[in-house]
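Here's a quick tour of a two-chain model, taken one chain at a time and then across the chains. Have a look at it first, then read on.

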Amino acid sequence: MRSRSRLLVVAAFLATAGCAPNVHSSAIRGAGYVRVDDVVKHHPLYPQLSQLDDAIAAINLQSAAPHVPLGAAQIAAQTAELNRELRAAQIRANAILAQKQRDYEKRENEAVNAALAAAGIHGSGAAAAQQMSGASQQQMQQAAAAANADLMAYQQSVIAQNSAASSAIQKQLQDQASQKYRAKAEQLQQNETDLSLRLTQQDATQRLAIKMRLSNLALDPAARKQAEDQLNAINQKEATEVDTQRNADAATLRAYQAELSRQTGDAIRSQVGAISAQTRSKLEEHRDEVGSQLRSLGPPSMPANVPPNVQSQIAQIHRQYVGEFQSEAAKTVSEYNATKTDLDRQFAALHGADVGATGAAAKELDALQKRRGELYAQIVAQVKRDASRIAKDQGFDIVFINVLSAAGGEDLTNQIIKDVESQHE
Amino acid sequence: MKIRSAILFAGALLLAVWTGRGAIAADLTDVGYLDQAELANLPIFVNANRQLAAYKAQLDAQFASQVKHARSDADKQQIAMQFQQQLTDRQREVVGPLFQRAQLAIAAVSATRNLSVVVDKRIVIYGGQDITKDVETIFSSPQAIQPPAATPPPSEIGYVDQNALDGVPKVQTANAAMNQFETTQRQLFSARIAQARNQSDRQQLYQEYTKTVSDKQDQLLKPLVDQTRTATTDVARKKSLLLVIDKADIIYGGTDITSDVQNALAK
């Protein structure tokens with residue numbers, strides 16, 4: 001009995017002097033303060049705030065998109081494969097061209113010999129004509145080889161530049177899709193946050209009333225259970241509404257991702273198709289130019305003892321074989337026609353797209369900062385409301401935030417943290 | 001036995017109440033606050049700011065034209081300084097008298113209400129005396145405002161100019177080192193992030209970057225922040241101050257302890 005009395009005494013002392021601060025003591029003087037940043041970290045919406053901060057910091061760090069709707073790796077692999085095929089085709093074409101050159105040289109020599117023999121020209125005249133024809137063929141071969149080398153170099157250059165342009169275009173389109181996806185995801189997340197906050201605020205009074213009833217030690221078990229059930233029902237109702245919204249948003253996001261993926265794929269195919277057509281046209285134009293240069297090489301000049309009609313016949317043979325060779329060569333070159341870009345236009349477009357991308361990032365940054373500011377203001381407003389209520393209940397005269405240092409006054413931070421947390425349990 | 005317990009219980013209650021109220025002092029009721037945004041919306045301030053904006057636009061055009069002919073960076077800097085000076089002069093000319101009048105109005109209201117300090121509304125979340133309307137009334141009146149006869153009474157709210165504290169050599173050195181570190185890391189991580197293969201890699205790199213910078217902040221700046229807080233609290237105790245806030249939040253009165261904290265930090 002004696003020990004029970006002592007316990008009562010200690011409990012009474014603690015209850016009166018220990019738990020609630022004396023706000024009018026010389027140490028406190030009716031002044032309180034709140035470390036808002038610390039309370040904000042305990043607010044249920046802090047994860048969202050933190051997420052926005054991360055997103056802002058990531059954009060500032062020029063971080064790329066969090067999700068690529070169309071497989072970038074897949075497209076990159078396809079591009080690499082295409083480039084390999086083009087290089088192989090180039091080597092094949094070089095070999096075919098060289099073989100064809102040798103075949104046509106042989107056939108032209110045979111045709112010239114036959115023409116000279118038919119004209120009864122033998123010996124020095126025939127040898128000279130053959131020599132001239134041979135020299136001419138050599139010149140032709142050299143010119144063709146040079147032209148082909150030039151064409152190959154040009155093709156290589158086009159292919160290399162084209163690959164770069166295609167990759168850049170693909171990356172650009174994927175980045176745009178990623179930005180759209182991220183914006184949508186953040187918008188939906190913001191909606192969920194808003195809903196969560198709205199529900200909490202909507203039920204705050206009722207929840208507080210129930211909690212106050214529960215804090216009454218004299219509450220009979222049946223009434224306590226009823227109050228607890230009510231509280232659970234409120235929590236359950238809020239959780240269900242938020243979950244429903246979250247599931248709907250997830251479905252929306254999945255559909256949006258699929259749509260973006262399709263749009264991006266179409267855009268990439270369309271752009272790469274345009275690039276291919278323009279590249280093909282560019283290569284054909286260059287090939288025609290080379291062909292024209294080769295055609296301009298005239299027939300060889302004949303020695304004086306070869307009659308004019310035979311000279312004319314030999315020239316005709318030469319033109320025929322050069323024409324046939326060029327036609328064959330053109331077919332071979334056409335095998336190179338791969339799907340690549342119009343360099344000037346694409347690089348100019350790429351530059352413009354880069355500028356656009358930077359602008360898009362800046363816009364996104366602005367939007368994120370705005371959303372962050374609104375969310376922070378919402379959180380701080382609630383902290384202020386809670387702090388005001390507690391300050392009023394406990395009889396404070398004034399409560400500050402943004403205090404650098406305190407040699408007195410009452411730090412209300414932990415109380416507000418508990419309050420904020422309990423309202424969102 | 002029951003009576004003895006009851007007496008003991010009542011005694012404990014009295015003791016608790018007596019202990020709690022033992023050191024009763026006057027509450028902090030001489031704190032006012034002002035909504036500066038509301039004051040800035042008075043037509044006279046709005047017009048002044050409009051004038052300044054127009055003048056600045058004019059100066060910007062002149063600056064752009066002159067800076068084209070600058071032959072070196074030093075020339076450009078010289079031109080920029082000249083224009084900045086012109087803008088500052090104009091600002092002083094247009095807004096200066098308004099600020100002075102506002103300060104006089106705040107001082108007059110503070111004297112009438114016996115306030116020792118007036119702070120920005122943003123840092124008061126409960127209580128305090130809102131003097132915004134009173135200040136507006138006096139400010140907008142056609143009469144000249146007389147300066148108060150006495151300075152504000154000593155305040156238990158202290159303030160520190162944090163910009164001045166940034167000028168303490170060891171703080172300056174630490175800040176410079178931190179900026180340098182952050183710039184370097186930013187460049188390094190930007191390049192790595194640009195080459196990342198997927199989002200997961202990027203996310204990991206971003207977290208690595210954040211941690212690297214945060215660790216360095218803990219190493220370079222946190223000790224100084226703690227030291228500054230301790231020094232400020234020590235000075236506040238010595239001067240019997242209750243709370244210390246940033247100078248930027250002080251509008252009138254208060255106790256400036258910047259130099260004391262600077263001296264404590266310099267030791």
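## Chain A

This is a predicted model, so let's start with its chain A. That chain has 9 helices and 4 strands. Going from the N terminus, you get α-β-α-α-α-α-α-α-α-β-β-β-α.

Of the 425 residues in chain A, 40% are buried. If you take contacts between residues at least 6 apart in sequence, 89% of those in chain A link residues at least 24 apart. As for the surface, chain A exposes about 21,600 Å², with 54% of that coming from carbon and sulfur atoms.

## Chain B

Chain B has 11 helices and 8 strands. It runs to 267 residues, 36% of them buried.

For chain B, 82% of the contacts between residues at least 6 apart in sequence join residues at least 24 apart. Its accessible surface is about 15,900 Å², and carbon and sulfur atoms account for 54% of that.

How many bridges join strand 2 of chain A to strand 3 of chain B? There are 3, and the two strands run antiparallel, with strand 2 covering residues 398-401 of chain A. To find one of the pairings on screen, go to F400(A): its bridge partner in strand 3 of chain B is V124(B).

Key. Residues are numbered from 1 along each chain as its sequence is written. Chains are lettered from A and ligands numbered from 1 in the order in which they are written. This is a predicted model: local features need pLDDT of at least 70, side-chain atom pairs count only at pLDDT 80 or more; totals for chains, interfaces and linings use all residues. Side-chain values use heavy atoms; hydrogens and water are left out. Two strands pair if DSSP finds at least two bridges between them. Buried means under 20% relative accessible area, exposed over 50%, partly exposed in between (1.4 Å probe, protein chains only). Contact means heavy atoms within 4.5 Å. Accessible areas come from the Shrake-Rupley method with a 1.4 Å probe; for residues, only the protein chains shown count as cover.
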